[in-house]
Amino acid sequence: MGGLLLSTGINFYLNKRYNMTCTTRNLPNEKSVKLHSQITCPACAHQKVEVMPTDACQWFYECEGCHTVLKPKAGDCCVYCSYGTIPCPPIQSGQACC
Ligand SMILES: [Zn+2]
């Protein structure tokens, strides 16, 4: 009797721990990261949705409308942070940028 109660208690404890571990592991930042950002050209206001690279920051972006080569503003890590609707993946997931 006593042993059954004890093992039930241990199972409950293990399940609880497992679930907690599982929940933590199921919160990867990559899943909530959006990869499409709409860039607005500061020179001609041309807008285009671009797919951001997840492994690198994009420093230069040539506008399709006026062919101005955009560069990040001071303090921003890439053109998406400066001109896009959504900042780049490393910033979204709270990491220091590359
Ligand atoms: Zn432009």
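**From chain to backbone angle**

Author: Gladly! Let's start with contacts: in this predicted model, among contacts between residues at least 6 apart in sequence, 34% join residues at least 24 apart.

Reader: Which pattern does the chain follow along the sequence?

Author: The order is α-α-β-β-β-β-α-α, made up of four helices and four strands. As for burial, 15% of the 98 residues are buried.

Reader: How many bridges join E1 to E2, and how do these strands run?

Author: Strand E1 (residues 36-40) and strand E2 (residues 47-51) are antiparallel, with five bridges joining them.

Reader: Which residue takes a positive phi in the hairpin of E1 and E2?

Author: That is Ala45, with phi near 65 degrees, in a hairpin that has six residues between the strands. Ala45 is not a glycine, yet its phi is positive.

Reader: Where does His67 lie?

Author: Look in the loop between strand E3 (61-62) and strand E4 (69-70). His67 is not a glycine either, and it has a positive phi of about 60 degrees.

Reader: And why does His67 count as exposed?

Author: Because His67 has 11 C-beta neighbours inside 10 Å, and the cut-off for exposed is 12 or fewer.

Terms used
Residues are numbered from 1 along each chain as its sequence is written. This is a predicted model: local features need pLDDT of at least 70, side-chain atom pairs count only at pLDDT 80 or more; totals for chains, interfaces and linings use all residues. Two strands pair if DSSP finds at least two bridges between them. Helices (H or I, at least four residues) and strands (E, at least two) are DSSP runs, numbered from the N terminus. A residue is buried if 20 or more other C-beta atoms lie within 10 Å of its own, exposed if 12 or fewer, and partly exposed in between; C-beta atoms are placed from the backbone. Two residues are in contact if their C-beta atoms, placed from the backbone, lie within 7 Å.
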